[in-house]
Amino acid sequence: ESDTASEISFQFNRHKKSPSIGSHSSDMASVSSVSGSVLSVYSGDFGSVDAQGTVEFALDYDEKNREFQVHVSQCKDLAVVDEKKGRSDPYVKTYLLPDKARMGKRKTSVKKRTVNPIYNEVLRYKIEKMVLLIQKLNLSVWHNDPLGRNSFLGEIEIDLASWDWSNRKLNWYPLKPRSLSAVNGVDHRGVMSLSIKYVPPGSLGKWPKNPPSGEVHIWVKDVKDLLQLRPSGVDSFVKCYVLPDTSKKSYQKTRVIKRDTNPVFNHTIVYDGFHTEDLKDACVELTVWDHEKLTNHFLGGIRLGLGTGLSYGISVDWMDSTQEEVAFWQEMMLAANEWIEGLLPLRSL
């Protein structure tokens, strides 16, 4: 049995071909932000050559300023990207893992026409030492292309939990090929267990037209293996929208589960006002967030729909469901009034 049941009326304006959602929920939460998307950290990074060469850098933590510093000195013997002109225009980029999006990337300047660039630059992160110690540093080298088709030249990953912080010297490290998970676009963010059900108009009988319009039921059960952003764990909750509507009336959320990377939500949401033909143009977006006082951090999400790239004939970037998500939605469409169970990996949206 779910601990919370929310119900939303989903009504379509046939003239505008876009939905507006009216609510008759007693526990509707007010929200000041609409659902957004988090870009892939590798967006814009396309071509690659075989990784080769070395990079020289040093790590330090400034206790006084609570700042993690990456002193990038230089690289040697990098791969040549433009073989005709015998050139590479390299720069160095860093992320803190597992959540690249949260702390953002840092990068050096671009050095033109060299495979032995000298930088002598410091990349800085304002971060508490305790939080830093559950991160990994990903340092990668890229060729900068004016058209944005940047080429990967090599990377190194360092587990900061086991780093010797007394070592502040510059050291050389061999650049390695991109990890399989990055090549395949796999960015493990956890797995959501849920069930969905479509109830067509008038399918329940008992009295005429029960229900009067179609309903989509979403039962968010639990999430396993969330990103741990700090030593105490994560305080997570799930947001839900039925796209293309991102209004406050479309918005639903679960309660916050504190200090748990395997939260159990057991929360049911009902959207009504659906016509069967609307299922091919709508998309249920479920996103998981870490709750903090000043801002919430995106952890991962899923989008349930047909993944056609189109909604009511309009091209939209959110109609991008994976094969697993599409299959799950299709199974629901084909099995009226039946709960369809799924276990779907969270991803960057």
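What follows is a list of selections, each with a note on what is there.

**Before you start**

This is a predicted model, in which local features need pLDDT of at least 70 and side-chain atom pairs count only at pLDDT 80 or more, while totals for chains, interfaces and linings use all residues. Residues are numbered from 1 along each chain as its sequence is written, and side-chain values use heavy atoms, with hydrogens and water left out.

**Stop 1: the whole chain**

Show the chain as a cartoon. It holds four helices and 21 strands. Both are DSSP runs numbered from the N terminus: helices are H or I with at least four residues, strands are E with at least two. Of the 349 residues, 50% count as buried. Buried means under 20% relative accessible area, exposed means over 50%, and partly exposed lies in between, using a 1.4 Å probe and protein chains only. Contact means heavy atoms within 4.5 Å. Among contacts between residues at least 6 apart in sequence, 68% join residues at least 24 apart.

**Stop 2: a four-strand sheet**

Which strands form the open sheet, and in what order? Select E8, E5, E4 and E11, in that order; their pairing is antiparallel. Strands E8 (118-126) and E11 (171-174) are the edges, each pairing on one side only. On average, neighbouring strands here are turned by 30° against each other, direction ignored. Such angles use axes fitted as lines to C-alpha atoms (for helices over the stretch in contact) and run from 0 to 180 degrees between N-to-C directions.

Now take E4 (residues 54-62) and E5 (residues 67-76). Nine bridges pair them in the antiparallel sense. Two strands count as paired if DSSP finds at least two bridges between them. Pick Val-55: its bridge partner in E5 is Cys-75.

Stay with E8 and select Asn-120, which lies in that strand. Its phi is near 50°, a positive value in a residue other than glycine. Asn-120 is exposed, at 51% relative accessible area. Next, go to Asp-77, in the loop between E5 and strand E6 (90-97). Asp-77 also has a positive phi, about 55°, although it is not a glycine. Asp-77 is partly exposed at 47% relative accessibility.

**Stop 3: aromatic pairs**

How many aromatic pairs does the whole structure hold? A search finds seven. Rings of Phe, Tyr and Trp (its six-membered ring) pair if their centres lie within 6.5 Å; planes under 30 degrees apart are stacked, over 60 edge-to-face, the rest tilted.

Select Phe-68 and Trp-165. Their ring centres are 6.0 Å apart and their planes stand at 75°, so the pair is edge-to-face. Phe-68 is in E5 and Trp-165 in the loop between strand E10 (150-159) and E11, so the pair ties together parts 97 residues apart in sequence. Phe-68 is buried at 0% relative accessibility. Trp-165 is buried too, at 16%.

**Stop 4**

Move to E13 (residues 214-224) and E16. Eight bridges join these antiparallel strands. Ile-218 has Ile-269 as its bridge partner in E16. Nine of the 11 residues of E16 (residues 264-274) are buried, so this strand is largely enclosed by the rest of the structure.

Now show the largest nonpolar core, which has 36 residues. A nonpolar core is a set of buried Ala, Val, Leu, Ile, Met, Phe, Trp, Tyr and Cys residues joined through side-chain atoms within 4.5 Å. Met-192, Leu-194, Ile-196, Ile-218, Leu-286 and Leu-304 touch the most other members. A second, separate core of 30 residues includes Leu-59, Phe-68, Ile-158 and Leu-175.

Centre on Ile-196. Among the residues it touches are His-217, Ile-218, Phe-328 and Trp-339.

**Stop 5: last selections**

Select Lys-239 and Trp-289. Lys-239 lies over the ring face, 4.0 Å from the ring centre. A charge sits over a ring if NZ of Lys or CZ of Arg is within 6 Å of the ring centre and within 35 degrees of the ring normal.

Then find Leu-243 and Pro-244. A cis peptide bond joins them, with omega about 20°. Pro-244 sits in the loop between E14 and strand E15 (252-253).

Finish at Leu-349, in the segment after E21. Leu-349 is buried, at 9% relative accessible area. Leu-349 and Gly-301 are 48 residues apart in sequence, yet 6.6 Å apart in space, C-alpha to C-alpha.

Terms used:
Lists of a residue's contacts leave out its neighbours within four places in sequence.
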